[in-house]
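Student: I have a model open and would like to learn how to read its features. Could you walk me through a few of them?

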Amino acid sequence: MRLTLLFVFTVIFSSCSQEKDMLVYEPVMEMILEPGSTTPIPNEIPGPHLNESGTYHYLALGDSYTIGASVERAASFPIQLKARLEKGLKVEVNTEIIAVTGWTTDNLLNAVNRGTQLPSYDLVTLLIGVNNQYQGKPFRVYTKEFPLLLELAIELAYGNPKNVVVISIPDYAFTPFAQGRNTDKISKEIDEYNAFAESTALQNGVPFVNITDITRNGLSNPELVASDGLHPSGVAYKRFVDVLYPIVLPIFD
């Protein structure tokens, strides 16, 4: 049975006094995809007939950065991207979001393995890992589970890696929430997660989009931070889409 949309509008992190209340999720199997050289991807891979039905299907996988915690649903980046595509392509884009505030890679793996609404999608985006870092999980957990998530994302995109986009993890060190914490350590670890995600994506022929630099203006430009002092604002998500749109649009040619 396919998983319905998951929306939980809470904050991915808690304040110092609330950290003990973080949700605990069941463990997931640990598997690893050994890194290798970059795999050449043929220009033509059998995949979706994007113009056949006049309706495209988009699957967004992630955590609170994907559901747009602390902003209106319409301001989240998947819904802003949907709107931009619909305006540019003059078609309907059905959007399914599998994301919950606080999710780590194992939570997302469990959810995707339980099923999606459709067997295949024209576009799949993947943004995950900040909660692995925030919760202090060993980095090796991410290096085991992120490649498996990417493999699933490709399978859900008709097996075509060109129909998948990996999005970098925002840097919450540049938010009011993080002030008083070890922000240098946060940024360094976010960079490590993003470097692994980018390398894994490129090895599999999947585009990687860096939006982290946008979020690193959060202190100098407060309009980029949501009212909770932690998550990106709708303005920041619009800037995400400004970067994503030219990468995504050729998928629908």
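Student: Which residue just after α5 takes a positive phi?
Tutor: In this predicted model, that is tyrosine 158, with a phi of about 60°.

Student: What span should helix α5 have, and how far apart are its end C-alpha atoms?
Tutor: The idea is to count 1.5 Å a residue, so the 18 residues of α5 (residues 139-156) should span 26 Å. The end C-alpha atoms are 26 Å apart, which agrees.

Student: Is α5 mostly covered or mostly uncovered?
Tutor: Mostly covered: 13 of the 18 residues in α5 are buried.

Student: At what angle do helices α2 and α8 pack?
Tutor: Helix α2 (residues 77-89) meets helix α8 (residues 234-248) at about 50°, and their axes are 9 Å apart. The crossing is right-handed. On the α2 side, the contact includes Phe77, Leu81 and Leu85; among the α8 residues are Tyr237, Phe240 and Val241. By class, this contact has nine nonpolar, three polar and three charged residues.

Student: What does asparagine 94 contact beyond its neighbours within four places in sequence?
Tutor: Asparagine 94 is in contact with Thr55, Tyr56, His57 and Tyr58, once those neighbours are left aside. As for tyrosine 121, 27 residues separate it from asparagine 94 in sequence, and the C-alpha to C-alpha distance is 9.7 Å.

Technical notes. Residues numbered from 1 in each chain as written. Predicted model: local features only at pLDDT ≥ 70, side-chain atom pairs only at ≥ 80, totals over all residues. Heavy atoms only, no water. Helix = DSSP H or I, 4+ residues; strand = E, 2+ residues; numbered from the N terminus. Expected span 1.5 Å × (residues − 1). Buried < 20%, exposed > 50% of the residue type's maximum accessible area, 1.4 Å probe, protein only. Axes fitted to C-alpha atoms, helices over the stretch in contact; angles between N-to-C directions. Left-handed = near helix turned anticlockwise from the far one by under 90°. Contact = heavy atoms within 4.5 Å. Nonpolar A, V, L, I, M, F, W, Y, C, P; charged D, E, K, R; others polar.
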